[in-house]
Structures are given as C-alpha cells and as structure tokens.
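Here is a short note to read beside the model. Please keep the structure open and check each point against it.

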Amino acid sequence: MSEATVTVTDNRTGKNVALSIKDSVYGEAVVDIAGLPKELGLFSYDPGFVATASCTSAITFLDGPKGELMYRGYPIEQLAGKCSYIEICHLLLNGELPNTEQLRKFKHTITYHTMLNESLRNFFNGFNYDAHPMAMMCGVVGSLAAFYHDKLDIHDAEHRMITAHRLIAKMPTIAAACYKHNVGQPIIYPRNDLSYCGNLVYTMFATPCEDYEVDPVAEEALDILFILHADHEQNASTSTVRLAGSTGANPYACIAAGVACLWGPAHGGANEAVLKQLAQIGSVANIDRYVAKAKDRNDPFRLMGFGHRVYRNFDPRARLVKETCHKVLAKYGNDPLMELAMRLEDIALKDEFFIERKLYPNVDFYSGIIYKALGIPVNMFTVMFAVARTVGWISHWMEMMTEPNQKIGRPRQSYSGPQKRDVPPLVERK
Ligand code: CMC
C-alpha cells in the first residue's frame, strides 16, 4: 500500500507537494509539514498551536471529544482507584508500574532525597515575608542547579535519573518551606517514615513545639489530586519545559521555567482564580449575573475552572476531584463554596452558550475547595499543582533527551513590522 499523503497546492505557482500522514496509536493522525519551507518556501502559521503536534510522545494520551485520559496506556480512573501517587511517578518516569520490589526501592530513593541542602534554607530569608509562594518556588527550583551540579551531565542517563529523583523528592519540601516562610514559622524537616503526601502535610503544618499527626483523609485526598495532576501531555508548562530543554539547558532551569508558565490563570493558576471567583460571586443569587458576564463577548470575564483546549467533554479529572471533594467535606464540614460551585456547574451546563462551545468544568474547578478544606491557603494552590506536575515535566524532559533527532525548538513568525528603512540622525527624529 502506498504511503498516505495529503497534497498541498500553492495556487500562486501551481506547485503541488505531497505531505506524508503519520498515524498515531490513538487520536488524530498528523501531517508532517517539515518539508514545506524547502518545497514551497512557506511556513505553517498556527498561533496558540491549536493545530500543531510539537513532538511524538509515549507518556500520556488524552481524548478530547470522549473526555478520556491515560498515563502510559492506563485509564486515569483505574490509576486513581488502584495506585498511589508514588506508583504513578514510577509509571510516568520509567514507563511501567512498579512491582513490589521496584516500589520499595523507588519509595526509598525518593524518601532519601527529600532534604534540601542546608544553604538553600537561607534563600527563603531573602524573600519578603509576603512573597507569593510561586515566586519563591520559581527562584528556589532554578537555584537547585547551583547545589547539585555533580550530576548535571544531561547526556548521561544516570545523571538524568538522579536529577529526576531529586526534583520529585525535593519539590514538596520546597513547597512547604515557601508556606512556612509566609506564615513566619520555622522550616520543618521531612520525616522518612511518612508517605510522599503525608510528608507534604507534615512539613506544612507541623511545628517544632508539639507532636503532629498527619490526617489520613488529607493525605489520601492529596494523593488523589496529585495523581490527577501528574501529567497532561503537551500542555503549556510541559511544552515550556521541553522548549527550554531543547537548548541543552540544565533540568532544574527547565523545571523552573515550567513552574513560571504554570502560574498563569489560564493554566495552573486557575485553581487559585476559581476560589477567588467563587468568593467574588458570593451567593447563588448572583450566579445568573456572572454567567451573563461570561457570555458577554464585550466583557473579558471568564468562568474560571471551565473550558479546556483539548477536552470537548467533561474533563475526566474533574469528576474524580468532585468525588474527592465530597469525601473531604464530609470530614471537614461543608463549605458554602461547594454548594455555590455545584449550582454554578449546574446552571452553566444547561446554558446554550456553554453547550455550544462544549465548555465543561475542568480539573481546577473543584480542587481549590479541597485545598481550602485542608487548611491550605489560596496562594499555595498552584504550588501544589507544581509539586504534582513535576514528575510529568521531568518525564517529558527525559523522553526528549533520548530522542535521536532532537532539535532546538525554534518557531518561526509572520513578520508584521515596518518595511526596511534608513536610520535618521538623532536631531531629525520626531
Ligand atoms: N468562560 C467563558 N467563556 C469561555 C471560557 C470560560 N471559562 N473558556 C472558553 N470560553 C469561550 C471563549 O470566549 C470562546 O468563545 P467564542 O468562540 O465565542 O470566541 C470559546 O469559548 C473558545 O475559547 P478559547 O479561548 O478559544 O479556547 P482555548 O482553547 O484557547 O482556551 C482555556 C482554553 C482553558 C484557556 C479557556 O477555556 C479558559 O480561559 N478557561 C478558564 C481558565 C481555566 O479554567 N484554566 C484551566 C485549564 S485546565 C488546567 C490546566 O491546564 O492547568
């Protein structure tokens, strides 16, 4: 059978070019346009990359129209029901779920990398007491390269893996230190007898003055949230990590770039924005007014926690987060914001504007309510997302580093500036 192609005709010249079509295991086939500049002298133009696959990846697949998500081929619902976050880290990083012995070893490795170099603690003293924790996290994560340059040869597979372990292990310790700095309490050292999420709860909320017991409901809720946030194929922050990594930049710098990108309200900052917006809406009586604002094309207001570039159906993660939300609130007492969120979801899902555009609640719609119930402040929500997503970022970075034809990521542009002109002398300039 001949190779599948799509033919592009340049009607200025009549020249035809056959572009080869490459099948994907799931999802849309892709057209290889790399030959366009040479064959036709043209570049593709695709702002926001709405029609562009930037790479081939074997890590995560999401089916937008069906609302399905898989890590390494396993459906997210099964992973969330049967595995712990640390098993998911192993799966994303190594390609397979661990067996009992692999899990024991992996847990041990991650646990024994959770401490920070003691000098790093001094960094926090340099930040203003009310610094946003995402600002601190960007800086501190980038600085890790200054401490762990013993294993920074990006062409060495062992160095890459140790760096991945260090990042996964140290992110919760950094997150908790950001929080402690904000509340003016001493940074707490992690404990090797606690689980990954147990340690995060402990290092955030324990103080040196008394014993602290981690609540299993909080630990389990975080574990589920982290599984759901662990990876999401070529989202903005992952693409940022890949782009930074394509230059040969060190992995700590790449992950810091990912943290910075995640911070935006259209991406990971949405969980913080959702909670602020629910507070702004205030009561069920005001929902209609805010839904009308969201539908008004002349008003930039958007319902935060709604919509997704790829999902044109329910975000499968949102269903699972909603279930977890109910469990957490059963223990910690109901939150009027939950009732407000459910009413808002209900009204929006029945509204023609949202139906037509296939806008459904996304993963961030309910996650903030869980964090709030657990006593985590709003400005820490995106930090929690960053901790969970680190394994996804570093898995993509590792995948990219082993590609045989890896190239620097360098998009082109369609120039819209002034035409060529001469520089006028200073006195003649207006
Ligand atoms: N509220 C109201 N209208 C919306 C919303 C929303 N949340 N999202 C999209 N629309 C409208 C938009 O105005 C446009 O309408 P029209 O066709 O009339 O111009 C249409 O739906 C398509 O929107 P778009 O902006 O072209 O879609 P996009 O794929 O570029 O943007 C998005 C995706 C997630 C940035 C966007 O839906 C959004 O801003 N949502 C709110 C922020 C949010 O919840 N982000 C978290 C995403 S999930 C977690 C993560 O990735 O970190």
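1. A nitrogen atom of the ligand sits 2.7 Å from a polar backbone atom of L303. That is a polar contact (a pair of N or O atoms within 3.5 Å). In the side chain of R297, an N or O atom is 2.6 Å from an oxygen atom of the ligand. N362 brings a polar side-chain atom to 2.9 Å from a ligand oxygen atom.

2. The protein covers 76% of the ligand's accessible area, which is 940 Å² for the ligand on its own. Areas come from the Shrake-Rupley method with a 1.4 Å probe.

3. The model is predicted: local features need pLDDT of at least 70, side-chain atom pairs need 80 or more, and totals for chains, interfaces and linings use all residues. Residues are numbered from 1 along each chain as its sequence is written, and side-chain values use heavy atoms, without hydrogens and water.

4. Which residues come nearest to the ligand? They are H267, R297, L303, G305 and R309, out of 22 around it. Near means a heavy atom within 4 Å. The shell has 11 nonpolar, 6 polar and 5 charged residues. Here Asp, Glu, Lys and Arg count as charged, and Gly is among the polar ones.

5. Now the helices. The axes of α8 (residues 196-205) and α9 (residues 216-229) come within 8 Å and cross at roughly 120°.

Methods: A polar contact is a pair of N or O atoms within 3.5 Å; within protein, one must be able to donate a hydrogen and the other to accept it, and residues adjacent in sequence count only if both atoms are side-chain atoms. Axes are lines fitted to C-alpha atoms, for helices over the stretch in contact, and angles run from 0 to 180 degrees between N-to-C directions. Helices (H or I, at least four residues) and strands (E, at least two) are DSSP runs, numbered from the N terminus.
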